[in-house]
Every structure is written in C-alpha cells, then in structure tokens.
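Dear colleague,

I am handing over the structure that we spoke about, and I would be glad if you could look through it before reading my notes.

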Amino acid sequence: MIYIDTKSQNIYYNLAMEYWLVTEKKPSDTVLLFWNSSPTLVVGKYQNPLEEINIEYAKTHNINICRRMSGGGTVYQDPGCWQFSFITKSENEGIDFKQFILPVIDVLHDMGVPGAGFNGRNDLVIEGKKFSGNSQYIHGGYTVHHGTLLYATDMVPLVESTTVDPQKIISKSIKSVRDRVTNISEHMEKPLPGEVFKEKMVAGLLGDGAVYDLTAEERDRVQKIADEKFNNYAAIYGGSPKYSIQRKGYFTGGKMEFNISVAKGLIKDISVTGDFFGTVESEDFALALKGCPYEKSAVVEALGKMPGEVYRISKEEMAGLIVV
C-alpha cells in the first residue's frame, strides 16, 4: 500500500486527487489518502443539491458545495471530520464496502474505540449512532472507496446546512441528529488531538506500506483537474435532474406565485401569477430568466435587466422567493 498526504483541506483538490490517480497516475499498488476539509457539503452523484441542502445558509457561512463521483447522500465535512480514500485496481464491477471498512474498524478498536462496528449497508456506528458514511465508484478499472470519520465535528452547521425546510425547528433537529450521530472522540477515554488521531489512523491502515510525495508538476496537474472537473457551477449543479417548483410569497406590494422548471441547474421555464402591481409583462419574467442559473445572485442580476418594475417588491425579494 502507498500513502499520499494531499496536504490540502480543499475538497475540490482532494477529490481531483482521487480522479487523477485512476485516470492518469494509474498506480499498481493500492493508494491510501487521509485528509480533512474546510467546512464543505458534498452531495452524491445522483442528488439534486438544490433539494438536499440549504444553499443560502451555506453561502452565508462560507461552506463549500461539491459533487462527488460516487452515489449516496449528502455529507457535511469540517476540520473535525476526517476522510479516508482507498484507490485500488479492481476487476469487480460491483460495490463492496466491507473489504475497505473492516480495516478502519480494526484500527479504531486498537485506538480504544471497541464499540465501533459496521451496520451492514455503508455506515459505521458506535452504540447504534453513526460516525461514518461510505461510498464507492468504479472508473477505468479502479475502485475508489471513500468514507468520512466524524471525530470532533460541529453538529450545528451539520444540521442547519442540510435543513432545507425553513419551518423546521433547528434546536429539535440538532437533538434528533445527536440521537443518531456521534463523534468518535466522545467514545475515547482520552480523546486525541485531531492531527494525532490522523497519524495513528494512517499508521494503522498503512502498516509497512510506503509514502509517496507528489512532484510539483503532479500537484499542478491535480489542481487543474480540480478547477476543470469539480470546482465550477456545471460540475456541482449541472447533473441535477429536471424538476418543478411552486413558490408563493406575500410582500408589501402584494402576492406573487412562481411556477419554475429547472434542469441541470438552469431555469428552463418560469411563469408568474398574483395580485401585485407593476409595469412589467408576465412573459418578461420568462424572457429574462430562461437559461439563468438557479442561484439567487444570478436571478437578481437577470431580473435587474428585465424591463419595467414591480411595485414595492424588490428584485432581491423576488429572487429570494424564486430560489429555494
């Protein structure tokens, strides 16, 4: 086995590292990565981020949004959450979590977390509470398995950034999550500093394997892949399926109701009804917004170019209604 220290908390770079390994480097031995991220929401390959996460909360709190190449659900990561990746040659076209998860459990047991176990699907648990989610994808004859390890994660942004429904009561949501999710450090007699935990995990997983340091040219190539394939609007939102949204709001200037069709992160059609006043035509909304990214700042900009005005309802208020 070979260990590579990504030396980065940038989610786009670290996911690009996985991709670079299976598409260009193509190692003959299994590669281990072990890293953490600045606050980040990572959605699964088949998910719609606009339905899964609180976009405005994420932007306000400088939480990155990223789409990974594997399936599964949305995960929140911060510096207190460690991620591990195994990249290995595989002739198997199916998904198999156990072979990669069991070594992680063994190391945790050796570190004094005897209650850690596998729930049989893709999660690791302690006393029935989840501390790790896992996912896989197969590309170019390689299996990429990656998982999270909640070690000392802040549960408040974990809940608020994934709470889309504004009617939910955050305090109750946090309590509910705390009943189902746990941090590994809470189950250690003497919790270790995060970096020490990383060192022990890497040592236990790597065994007598080797360490490989990327050259400057290789790191530049990984960064280029990160920018082109992971850190852009099309990569994050472009894979979202087509769906329809109905949004109704009441403002000083009256009621507005929008019917919106979105596909691949772009507004494909939009219509408006209501009892508001204005010098704008109904069809002007569709003309202004068709093809616009389904993102608040982009919608505000597009509405600003629309002829006429809506009485006592600002462009920002309309955009806040249009974008979930």
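This is a predicted model: local features need pLDDT of at least 70, side-chain atom pairs count only at pLDDT 80 or more; totals for chains, interfaces and linings use all residues.

Residues are numbered from 1 along each chain as its sequence is written, and side-chain values use heavy atoms, with hydrogens and water left out.

The pLDDT, which is the predictor's confidence in each residue on a scale from 0 to 100, averages 89 for the protein, and 94% of the residues score at least 70. Over residues 166–174, however, the pLDDT is below 50, and this stretch has 8 contacts in the model beyond near neighbours in sequence, a contact being heavy atoms within 4.5 Å.

Helices and strands are DSSP runs numbered from the N terminus (H or I with at least four residues for helices, E with at least two for strands). Helix α4 (residues 98–110) and helix α7 (residues 194–206) pack at an angle of about 125°, with their axes 9 Å apart; axes are lines fitted to C-alpha atoms, for helices over the stretch in contact, and angles run from 0 to 180 degrees between N-to-C directions. The two helices α4 and α7 are therefore oblique to each other, since angles under 35 degrees count as roughly parallel, over 145 as roughly antiparallel, 65 to 115 as roughly perpendicular and the rest as oblique. On the α4 side Pro103, Val104, Val107 and Leu108 take part, and they meet Phe197, Lys200, Met201, Gly204 and Leu205 in α7. The residues of this contact divide into 7 nonpolar, 1 polar and 1 charged, where Ala, Val, Leu, Ile, Met, Phe, Trp, Tyr, Cys and Pro count as nonpolar, Asp, Glu, Lys and Arg as charged, and the others, Gly among them, as polar.

Asparagine 14 lies in helix α1 (residues 11–25) and is buried, with a relative accessible area of 0%; buried means under 20%, exposed over 50% and partly exposed in between (1.4 Å probe, protein chains only). Apart from its neighbours within four places in sequence, asparagine 14 is in contact with Thr6, Ser8, Gln9, Trp35 and Asn36.

By contrast, alanine 234, in helix α9 (residues 233–237), counts as exposed at 53% relative accessibility.

In helix α10 (residues 282–289), Asp284, Phe285, Ala286 and Leu289 are buried, and what covers the buried residues of α10 includes β13 (254–263) and α11 (296–304).
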